[in-house]
Every structure is written in structure tokens, then in C-alpha cells.
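Welcome! Have a look at the sequence and the model below, and then we will walk through some of the details together.

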Number of protein chains: 6
Amino acid sequence: MSASGGPTPPFTTLSISQPASHVTHVELHRPEKRNAMNQAFWSEMIDCFNQIAEDPECRVVVFSGAGKLFTAGIDLMDMAGGLLRPDADDTARISWKVRQTISKYQETFSVIEKCPKPVVVAVHGACVGAGVDLITACDIRLCTQDAWFQVKEVDIGLAADVGTLQRLPKVIGSGSLVNELALTARKMYSDEAKSSGLVSRVFPDKETLMAGAMEVAGEIASRSPVAVQGTKINLIFSRDHSVKEGLDFAAMWNMSMLQTDDLMKSAQAALEKKSIKQVVFSKL
Amino acid sequence: MSASGGPTPPFTTLSISQPASHVTHVELHRPEKRNAMNQAFWSEMIDCFNQIAEDPECRVVVFSGAGKLFTAGIDLMDMAGGLLRPDADDTARISWKVRQTISKYQETFSVIEKCPKPVVVAVHGACVGAGVDLITACDIRLCTQDAWFQVKEVDIGLAADVGTLQRLPKVIGSGSLVNELALTARKMYSDEAKSSGLVSRVFPDKETLMAGAMEVAGEIASRSPVAVQGTKINLIFSRDHSVKEGLDFAAMWNMSMLQTDDLMKSAQAALEKKSIKQVVFSKL
Amino acid sequence: MSASGGPTPPFTTLSISQPASHVTHVELHRPEKRNAMNQAFWSEMIDCFNQIAEDPECRVVVFSGAGKLFTAGIDLMDMAGGLLRPDADDTARISWKVRQTISKYQETFSVIEKCPKPVVVAVHGACVGAGVDLITACDIRLCTQDAWFQVKEVDIGLAADVGTLQRLPKVIGSGSLVNELALTARKMYSDEAKSSGLVSRVFPDKETLMAGAMEVAGEIASRSPVAVQGTKINLIFSRDHSVKEGLDFAAMWNMSMLQTDDLMKSAQAALEKKSIKQVVFSKL
Amino acid sequence: MSASGGPTPPFTTLSISQPASHVTHVELHRPEKRNAMNQAFWSEMIDCFNQIAEDPECRVVVFSGAGKLFTAGIDLMDMAGGLLRPDADDTARISWKVRQTISKYQETFSVIEKCPKPVVVAVHGACVGAGVDLITACDIRLCTQDAWFQVKEVDIGLAADVGTLQRLPKVIGSGSLVNELALTARKMYSDEAKSSGLVSRVFPDKETLMAGAMEVAGEIASRSPVAVQGTKINLIFSRDHSVKEGLDFAAMWNMSMLQTDDLMKSAQAALEKKSIKQVVFSKL
Amino acid sequence: MSASGGPTPPFTTLSISQPASHVTHVELHRPEKRNAMNQAFWSEMIDCFNQIAEDPECRVVVFSGAGKLFTAGIDLMDMAGGLLRPDADDTARISWKVRQTISKYQETFSVIEKCPKPVVVAVHGACVGAGVDLITACDIRLCTQDAWFQVKEVDIGLAADVGTLQRLPKVIGSGSLVNELALTARKMYSDEAKSSGLVSRVFPDKETLMAGAMEVAGEIASRSPVAVQGTKINLIFSRDHSVKEGLDFAAMWNMSMLQTDDLMKSAQAALEKKSIKQVVFSKL
Amino acid sequence: MSASGGPTPPFTTLSISQPASHVTHVELHRPEKRNAMNQAFWSEMIDCFNQIAEDPECRVVVFSGAGKLFTAGIDLMDMAGGLLRPDADDTARISWKVRQTISKYQETFSVIEKCPKPVVVAVHGACVGAGVDLITACDIRLCTQDAWFQVKEVDIGLAADVGTLQRLPKVIGSGSLVNELALTARKMYSDEAKSSGLVSRVFPDKETLMAGAMEVAGEIASRSPVAVQGTKINLIFSRDHSVKEGLDFAAMWNMSMLQTDDLMKSAQAALEKKSIKQVVFSKL
């Protein structure tokens, strides 16, 4: 179920397909470069997820990596020049430009979060550096038995600035583990990823992983898009606010969203013991 | 130790008893309806917990469900009409009323949190839909081996708006698991509830569960109510604020609370190696 | 590797040493008093960590306890008088002084967090009361198989006000467990400390623990101090803010910090497959 | 237009009338006691404004004082005992009760803010102490030439705790003036009240004041209640949040509120150059 | 100094010119339609200010309206259809689209705030409805004697949602006045605009207004762009945060920005009593 | 009433005296240098206000400048070297040190705010640059007719980072004026300072100014220190928080502070129509 023919134009690093109804599969596709993230990748992600956000046919996304591993992280060769040494007249002006560049790179992963469709990420093999920044912006994380994770930034002399330090502490429960991973750059293997809660399921190999990811995606795709996307939006809002603010937000959100026909359709199916998969919901 | 004779008037869905000194037992009591939450339940909870909050004899609450399971969640038959289709002249006015209704329903579970006495919830069998909203508002969660939990809202076409999406991410450590549960409505069994931290203990059956819950409640009831209730208030404040704000709050709180005689009584008992259960504290 | 000769003057409760390059070892050193925290301790900690924060030779701290156990917590005999019964003319004025005292005591552990150098804490045997306040302010927590932890405050009649209630919920993922520990004062042993994420590793005994702590510290000490200390600062900021605020902070931070020579040195070493331990970084 | 016959039962301190269509007039009515706020007042206000909030006929409130002046503030004789010296066993327990009492008294004025109908307050003569707490919770402030205002609390030995210190700095622009008034208890006369922005208009005497207040109220009452009450709710939310949060709130609010028929009715009237007063809006 | 030939292609509602060194003049240019804001305007503003933000030649913006008045606000004829009645299958889906539309329209004015170059707005004649939303997003407000301002939204049945309710309370000091304007839609004339602080200067007529705006702009343009744009960024951050957060932000910002050569150049000029206008600063 | 003999040892830039009971006068005393702020000043302020905060005899502070004017701001000659060009190995390390330095300088003015005793500042003649940072941290601002104020930082190439940009928008109501002052560095004279609310009173000359400041200070000094200092603490908290948070804070604060004997003493005096100046309050 991987896109055999390589990247989907106009993209050069991403392959896009529709493996099932309402499911979009985005594959990071630079297998010969260990799916390292080059300059093209950083902007293609933004275009890709903005399109997905607008696409009424898509209700859920599966994200994975082509080839032997998920991603080796940033492509240092391709990236270093522009980012680290912008051309400007003094330190203040260099800093000004560096800040703009970092903000742009942050957007590459924040689009995943801003897209109201849930994103299921399936990790096999290595997930290094910016790969961790990426997966922490996804909603559901699954991996293979042979997967490993490495917060690599400290090894190359910087504090991670495109998501890991901001999101990792909010997706796993152990502060000590987060700090240890971020400060020592040690590898974490799938069993610890599972016990710490980074991933919610581990699969024997890539084939079962992809099948598992598709099944989860299928469950999500079959439900009301009003309910599903509202759930994602509320979960992300709640993460960043107090319980009281989260409740107020939910009441405001649902004052209109409860006026959907999906509610009656879903309730009807539940009462009739019909599978939710048989219900047809309007586009959103 | 369950209230054999049914609901305690004027309540029709709740049975209230005092199984031990300073311990109040609230039992959700509609066993013939799988403890489904009907219209009466939503307002009785508010009255019940407001009374408990004011009752100087009560220092801790045990909450459980009568019959075969904890709760099947919202009673769709009893509830749907009023909530979903208020009578009003246009969409804005319907929305206005829906928002008021949701806020009122949120209060049903928020009273648990606003009540300064700790609430220990004991779950056996099914805990579905609004049941999860309820238990996440409790302080300590215990369950039986046969318990299972299901965030059901997405199955009936809505984003959960009375607590689950707001509190679940703050009571268990795995973001991926929270999202998976909320977006797919899959069941979670007791072992995963334990390993993910949703519950802090699992018991073989309902009898041992209730005994365990009573033991925990007994430990709490025997300690200074100034210390215990101050601890709950500080924990809830801290959850929603930065560490610095939490520390400032604690300093303000304790500037008067440390001037309690309980401190000397407790310290005395500790120095004399007496059991805390022998100390008599004034009412609060 | 423990400081054999007792406290390091002018300190009377802390022993300071440099067991390895760029590593400072701080040992709580009142073994005959079970490392109980007396009045001297509370101010010595502030001096000690302020010095460490300023010391360009130090890049990481290992914190442990001398003797049979980590710490028995507050030294009630030494402390109680001054704190609880300040001399003043009315309740308001007593409260005013109590608040000042609590704030000062909070600083004793907050200095650990304000110090930009990571602190690895190694716990063996008992870690009671204020000991838990202390370790939750550290960055990485390790322990021995025989370690146990107890949030003791409720036993002596107060709500914990120097860190536990504020930080514990942010370092372990299970809300139910946090509440149970804080409300019942029950002991938690090393296996539950590990599974709940309070500690990220458990060692067979104190010797292996200290070796393990030193190894983790060595990994940290060998990396760019700009990267390491920036990582700690960003992690702590992110804990207390939304993801968006955390990302904005990181972009501001790195607009200047990416202009470090450490980046090139680290990247160079990575490309040449040299160990990071061979790279010489300037002082910070 | 004042309610001649005294308080409106069951109220003993408030007189309620409907001087015009959709306008409710609430008059503080203890003229023989200089409208001092006794124990009854504090709870009657809550009942009164909760009723107004629910009353679909009311779209705007005018609040004023009967007799020679607006209010002399708290009725010290009637109040002091209960509040200041609750009966309890130790300082902590007294503090616990005092906090509950203050919170309850705060609600007396916060109901004005929680009521979605705008409240126009008309002040003549003295407005002292708790009177300032009251008027800062209103939406529009008007006064007579002979009006004066005094933040009195510091004179009787306390920091104002029912609204003045919290709201005054948010309703007038000069920090220096706020501090001076609150710290010295000096009187401020109508001209300074106008130039500082505390009131938005000054009238020669009570008669013109009441006419002016009724005119402002009439303008508000004639407009769409969806628009008016949404405006109040958004203004209060914005006061307490960042601009970005305020904008997000407004977008959420209006996603349903723009679906009101009032929009078309109002636009129609505007296009036809008809007075808004001729448009009939549904109840809200 | 107005752009005589009409809109500057590709814009159809905006005329762009460079009346002086480093100064960009943006003129709202639909004089025959009273500068009413049609659909094109809402997106052209975004393009225009994004270009200005990137243009290193521009250091300050003057914004004004062509013809007889500043703006009559939203062009109801051109706008109403799309916004109010999006095509969708149920209320939830309509609401979903309405929210997206509102957010997009909010961006039209938020780009002014996000653009780091200060914007001086010069208002003559009427400034109605969305015109007030626009000017509150500008940094400095100037007007003619004949100018008047009207928060119009409540007149057409809605709560203002693109900036006025969010920003107006933060740019003028009188809460009572803000509420009165927003709830009654009454006109405010230039003298009250000045005394309330909405504008900081009033000019006799449009000619002197434009000269005054250009003079202010010239003062800003002559200063270090690092200092000026950093000042705007810090002022906007501070508006939405506590003083402590604002100070921390400023320290982070200036840790690199103080390393500009502009500091030495400016200080040098100050010491030599040279005009700042003679100093040449690098582009930013 | 100025300290004739110059600075009070060990201070070299500040003269400290007690002109009246419970009143401390701090005079910026480098008249021959136009009270420019040299390196000594920045640390002396911290020592001075920390002492005042602890001094039970002091209940209020008057702050003024010796000689012809209030202050010319920062002493560029004395300051520039250290601040702008710290010695370090790369840009990151220079930035690190600059940030520490700025934070230290911010503390120089933040101590005024942290000191619970109100500070009345009396400005005559020029108040330039860092002078504005200083006065915005004071509680009450008074000035002479000949006073003028200038936010100078943009003129020397930087965004103000020690208080002006953070506090000025919170002490005066006109956003447009704040921005104009900060972006153009134009002078503001006493009349505009008064009408904008920067100062709350203007006096004909320095003599009447100092008499006026002493009178205000005397009013404050005669009132309960529990009430006065609690008022300052609550006002500052409220400025940085929502109204709801401010009210909760006040309830917590007063749960102990209302238990002061000052309340009864003050109430007694009020009932007996005695001057508050005759009441003797205990030290705080």
C-alpha cells in the first residue's frame, strides 16, 4: 500500500495516495537519502497539509516513511548553509533573519496540528532528530518492534527548536525521561516508547504496522467528521489551557456543532445496532 | 456496604450512606438501567456534591455504581430531546440555549472538583461515555480486573463536551493513547488503564475493590481535614497553572492554614509514634 | 566517589566535589541525622546552587545523599519553632511573616530549576517529605532498587508548599497516583516509581546507581554547554506554557544561540564520526 | 420614574420596575439609611440579577440609588459581626470561613458582569466604598455634577476585596490616579471622574441624569439582543485575554450568532433608512 | 501627496506610494464608494502588508483614505451574500465555514499588527464600522477636526468580530466609553476621540493632517530600524502579557538586538549632537 | 526637606532620610551629573529598596531628584562599555551575558514594585530615558509644571528593555500616545502628562511639589499598614491578571489579613469620627 512510483508531483519528497475511502496516506519519500529532510521537504509539508486541511474527501491521514527507516532527521548537507549563516550586516540583523527562518521551519510541523483531520504516524526503524519533532506533532503514534527514537539536537550543538522540547513533555508522562532523552541524545527503543506512552501500540514489522495504522485510520474515517475534527480541535485547545477554559471552549464549540445531522444519524445507527461504517455523513 | 434499599430521597439516582467515620459513600443507583444518566441524575449530582462540600462530618467521598457495571453513560432516550432541539426562533437563539445547557451539564461533574473533599471512584464492569467524563473529575481512580472504559462520544456524532477531552489528557501521561481513545472510541481494559495511569490500582473483583476504596478513604479520613482539603485545592490549582504560580498560591494558602492546631496535633502524634487515626481533629 | 571528609566549608550540610571534568557532585551530608533538612540546609542550598549557576567549569550536577538513605525530609526538631510561630501582634502580621518564610523555603528547591546546568539526582533508600519536593525540582531522577518515596506532609497536618504539589503532577503522568500519594502519604517503591515515570532508571544498589548517575552526567558534560543549558531552559519554559508560546520562545532563544561556534564544532565531529567527547567547547 | 412605593417584594433593599419596553430599572432602595448595603442587600442582588439574566423581556438594565445619594457603601453596623469574626476552632478554620464569605460577597457584584444584559449605572451624590466596587462591575457609568466617589476600604483597615482593586484599573486609564484613590481614600469629584474616564457623561442633576440613562438604555434596548448581549460577552472576555484570544473567541461566538435573523432585519432597516426602533426582534 | 491616479495594480482598492525616504503611503482608494470595504479589499490588505513587512526599504507606513472621508466601513452590497449564507448541508457545517471566513477577515487587520513597521493612520471625515476595527490595529492614530468614529456593528445585528471589541478597550482608557460606543453605536467626534486617547493628535484639516502624519512618519523613519521595529514588537507583546513576561521577553529580544551597529551609530550621533536624520542605518 | 549633605553612605547616588513619621524619602543625588544613572546607581537601588521593604518603620516612600531636574537618564559614559560589549568567545556567549545583564538592570526598577510600601514619585524638570522606566514602576506620579518626559531609547538605537515598554501602556490609557512617545522619542510636557494620566497631579514648582508629595505620603502613612500594603500587592497582581483571578487572589489574601486588629481600630475611629492619624497601628 505504499506509493510505488516515488514522490507525487509537484512534491519531490512526499508521496500522496488514497488507500481507502476518506483516508489520505502521506509518505516521506527520499528512501535513498534515509528520508532526510532537505530544503524542499520543509516547504512541501506546508503545502501538503494545507491542501489536506481543505480537502473535503479526506477525514484522516496516515503518515509514514518509505524504505528502510522512518527518517534520519535533518539533511545537514542540504540545510546548513542558509539557516546558520544568513547574510546580514550585523549580529542583530543576522538574528532577525535566523528568527524568521526558525519560525518558518516550525510551521512545517505545526501544520500537522493545525490541520483538523487526525494524523496517525507509523514509525519503523530509525526516527532521529527532526523526526521526533515531526511525530510529536501527530495525533496518534504507532511503531514497529525495531523502531528507535533519538532526540539528536544536543549532539549537533543546539537546543531543539521546531517542536520536540515543546511537545514531547506534553505527549509522554515522565519528566525525567523527557529530560534524559533531550539532554543525552540516547536512543529509546520501542518497548520504552510503549511503556512511556510515546506510542500507543507496537507492531512486529512494517507490514503489520501499516495494516494497523490503516485500521485505526479506517475507524476514524467511518465516524462523523464533525465529531472527529471537533474532537481533535478540542483536545489541542485543552492541552494548552486550564480545564475551565477547555470546558468553556467546548460549550462554545458545541453550541453550533451539536446542530449537525450527524448526531441523529449516529444515534440512529447506535440504536439500530448498525455499524457506524454504514452511515453516510455529508462532507465537511 | 452498598445501600441496599435504593436511592436516598430526595434523590432518585443516587444512594448516599456513611459507611465509616467521616466517609460518605455516593452510589450511582439505577442498576436496572445500567446506571445510565437520565435528566434527574444531572441535577441531583450538583445538589449532592454541594451538600457534601458543606457537610463538616464528611472528609472524603467514595463513589461507585450499583449493580452489574459502573455506568453505561448518558441515557439517550431520556436526554436527547431537550438537549439537542431547544425551541427557539433562529439558529443563534438555539445555539444560545444549547450553550447554556452544556454549561449546566458540565457543572454536574465540575462539582466533584469544586468539592474540597477528595473523591475516590471505584469502577467495576463498564464505564462508558459520560462515565469517563465523570471519573476524570474524581481524584483517585480504582477499578476491578473486569473493568473497561470507552470514550463513546465520537460514536454518536459529537466531540465530548462535559469533561473527557478536557481532563483525560491531564490525568494520563500518553497523548497518543488519549487521542486514540477519543478518536476511535475503542475500549480500554483494566490492564491498559493501570499501565497508562488512568487508575492507580486494580482489584480482582467488586468486593475487594470496595474494600480497597474504603481503605484508601479511611487513610484520608484519618488525617487533618485542613491538610487534606488544602492538598486537593492546591493540586487542582497547580494542574492549571505554572509551577511559579502554584508555589505563590501555596504560600498564600498556607500563610493562614499553617496556623492550625492540626499541625501540632499531627506532629505530636508523629513524634510519639502514635497512629494518626487516634488524633481528633476539629471539624472544618 | 563520595566526599569522605564531610561537608565542604563553609557548608555544614553539603559536600561539594568535582568527580569528573565539568561535573559537580553535591552530596547532602548529615548521615548521622538521616540527612534531615535543618535550618542551615535551607539557606546553604541557595548559596550552593547560585555558585554552581555562575561557575563556568560546571556543566552538570549530580545530587545524592550520604550514608544509609537519601533523606528523611525536614528536621522537625530544628525547624518547627521559627516557622510555625513567628512573633507578631495579630493574625494578619503572623500570616505576613509565615508567607515570607514559605517563599524563602520554596527558593531552596527552585534554585535547582533556575540553575541552567542540568541536575541528575540519585536516590537510595528513603526519600521522604521535603525530599520529594527536592527531587521533583531536579531534571533527571535515578534510584536504587531499595529506594522508596513518601509525600509526607499530610501526615503532619499541612498541604505541601515547597514544591511537591506543584511539580509532582508535571513530572509523572498518572493524576490518580499523584493524588493517592499526596492524600494518603503511602510509600511508593522503586518499581512503581519506574513504571509511573518518577524515575527513568533503577539500579541494583548505591554503587551502580552512582556509577550510572556519573555516566549520564558524563554524557551531558561532553556536549555543547550552549546546547545543553539552552535545552534545560527551553524544557522548563515549555512545561509552563502552551506549545505556541514554547515555539515562539525557542525561536527567540535560538536567534542568537545558533550563532555559536559549538554548532560547527559539533556538526564537524558528527560528520567525521568523532566522539563528541573529543570536542573542546568554550566556557559558558 | 423612580419606584415610589419602596422595595419590590420579596426584596427589601431593591426596587424593580419596567420604565420602558425591554428596560428594567433596579433601584437601590434604603434611602433612610443612605442606601447602605446591609446583609439582605448582598444576597438580594444575586437573586435579582440572576432573574434579570433569565428574563427574556429584559434587554438592558438601569441601576440607580433612591433618595439623596447613590450609596454610603457597606452598612458597618449590620455587617461587621458575621464577616469578621466567624466562630471556629483555630486560625485556619476561621480563615477558611472568611474566604468563603468573601467569595460570596464578590458574587454580589460579579452577577452584574455575568448577566449578559448591559447595565447602565446612574450615580448621584455620594458613591462610597462598596459603591465603587458595584459601579465598576457595571458596563456604562453616568453621573450628576454633584457626584463624588471614594474608595474607602483603606480607611477601615482593609484592602478592597469585592471588586474595586480588580476592576477600577481596567475601567480608567491612569494607573497613578487609581493608586492614589485606593491608597489615600481621597474623594474624586465628577469632573475628574469624567476626565479620567470613570464615567462617560456628566449631567446637571438627578432628573437629567435619569433621563440620560433612560435614553442610553433605550438605544440599547432597541437593537438586536443577539448583537447587544454578544457585544457585552465579547467585551468582557477581551478585557481579560490577549487580542489573539479575543479574536478567536469572537470567531467561535459568531460562527453561530451570525446565523440570526436579526442580521437581515437590521440590515434591511439600515438599507431602507428605517429607525432600528421599528424593528421587532425575537426574544433571547 | 495622495496617489492621484487611483489604485496601484494589481491592487484595486489600495494606492501605494513612497512619499519620502523609507516611508510607504497606503491609501484606501475607492473614493466613489466612500472607501467602503468590498471583497477585494479584504484580501488586498493581506498581500499589501505582507509585502511591506518584507520590504527592506520601508521603515514606516502612513495609512489614509482617498476622497471625502476615511471609510464608510464594510460594503454591505458586495459582502453580505458569501459571508452570511455559505452553502452547506447542516447548521454545524455552515458554522464551520462561517468561522473560517471570520478568521480570514480578522487577518485583514491583524496583518497591520504583525507587520513590524509602525503604521500611522490619518483619519478625516467618517470612520465607520470596520473602519474602527482597522484603525485600532494601527500604532498611532491622528485625525482631523471634522473626523468622527462610529462602532456600527450592533446596528446591523452583530457583535463586532474583526477587532474593535478586542482592541478598542486596549487603546483607550475609559471602559465606560468603550462600552457606550459599542452598545449604542453613537458617533464620537474628534474632541472626544482626543480626550479619550483614541487619537493622540487632532489637525485642522486633511492637508495639515497628512503633513502631520508625514512628519511623525519621518521621525520614525530616521531612527534605527532595529530600535523602531523592536519597539513595536515589544509594545504589542507587552499589551498581551504581564509586566514580568514583558520584561523577560525584552531581555531575550535585546540579548541579540543590542549587538547592532546602530547602537554605536546612534550613540555617536547623540554625543556629537548630530541629527539622527544624518545617520545611515543598514537595511533590516 | 532635601538631604542637604549629599548621598547617604554607603550609597553614592542616593540620599535617604525620614522627613516624617513612617515616611522615607529617597533622593536621586548626583545633581552635578544631572542625576544620570551610573553603574553604582543600578545596584544601590536594589540594596536601598530591599532595605526599605524590610524596614518596619517605613510605610511609604517619596522618591525625587536632587538639583535642577529629575534625571537625564542613563549615564552613557559610565555604562556603555560593560553592557554592550561583554567579553566572550562567540555571539551565543555574548548574548548569554547580555541577557543576564539586562535582567539585572530590570531588577533595579522592579524592586520598587516588589517593595510592598507605596512609592510616590515627584518629578521636576527633565525625566528622560531610564527615568521613564523608573517612574512607571512607582505607584503614584506627581510633577511640576515645568516637568517633561522623554522615552529616549529609540534615539540611541535600542528598544527600551528595563520597563518603559512594559509598564507605560499599563499606566496611561492612550495606546496611540504610548506608541507615539516610544517610536518618536518626542518630549511630553506636564499638561499632556496630566491629561493622559501619566501623573495624577501637577504642581507649580518643586517646593509645592515636594509639599504635595509629602502630604500624599502622610495620608498613606497614617493608615493601617496591613490595609495599605495589601492594597498595593492586590493592585499589582490585578494589573497582570484577569478580574476573576484578581478576585480569587483578594479572597485568599484577606482570609488572613481581615483578622488584623487594625480593622477594629480603624472602624472604631471611623465610628467615633476621630482622625485616622490618631490611631496607632502595630508594625508590619
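Into which domains is chain A divided? Chain A is made up of domain 1 (14-221) and domain 2 (225-278), with bounds that come from an automatic or database domain assignment.

## Before we start

This is a predicted model, in which local features need pLDDT of at least 70 and side-chain atom pairs count only at pLDDT 80 or more, while totals for chains, interfaces and linings use all residues. Residues are numbered from 1 along each chain as its sequence is written, and chains are lettered from A and ligands numbered from 1 in the order in which they are written.

## Two domains in chain A

The C-alpha centres of domain 1 and domain 2 of chain A are 27 Å apart. Where the two meet, 8 residues of domain 1 of chain A and 7 residues of domain 2 of chain A take part in the contact (two residues are in contact if their C-beta atoms, placed from the backbone, lie within 7 Å).

The side of domain 1 of chain A that touches domain 2 of chain A has 3 nonpolar, no polar and 5 charged residues. In this scheme Ala, Val, Leu, Ile, Met, Phe, Trp, Tyr, Cys and Pro count as nonpolar, Asp, Glu, Lys and Arg as charged, and the others, Gly among them, as polar.

## Where chain D meets chain E

Now let us turn to the contact between chain D and chain E, which takes 49 residues from chain D and 36 residues from chain E. Several elements of chain D each supply at least two residues to its side, including β6 (140-144), α5 (164-171) and α8 (206-221). Helices (H or I, at least four residues) and strands (E, at least two) are DSSP runs, numbered from the N terminus. The most comes from α10(D), with 11 residues. Sorted by class, this side of chain D holds 25 nonpolar, 16 polar and 8 charged residues.

How are the two copies related? The copies use different surfaces, as 8% of the contact residues of chain D recur in chain E.

## Where chain A meets chain E

Chain E also touches chain A: 15 residues of chain A are in contact with 15 residues of chain E. On the chain A side, α3 (91-114) and α10 (243-257) each supply at least two residues, and α3(A) gives the most, with 5 residues. This side of chain A divides into 5 nonpolar, 6 polar and 4 charged residues.

## A sheet in chain E

Chain E has an open sheet of 3 strands in the order β5-β7-β8, with mixed pairing. Two strands pair if DSSP finds at least two bridges between them. The edge strands, β5 (126-128) and β8 (187-189) of chain E, each pair on one side only. β5(E) pairs with β7 (residues 148-150) of chain E in the parallel sense, over 3 bridges. Cys127(E) stands opposite Phe149(E) in β7(E).

## A buried threonine in chain C

Is Thr71(C) buried or exposed? Thr71(C) is buried because 28 other C-beta atoms lie within 10 Å (20 or more make a residue buried, 12 or fewer exposed, and anything in between partly exposed, with C-beta atoms placed from the backbone). Thr71(C) sits in the loop between β3 (60-65) and α2 (76-84) of chain C. Leaving aside neighbours within four places in sequence, the contacts of Thr71(C) include Leu28(C), Met37(C) and Val128(C).
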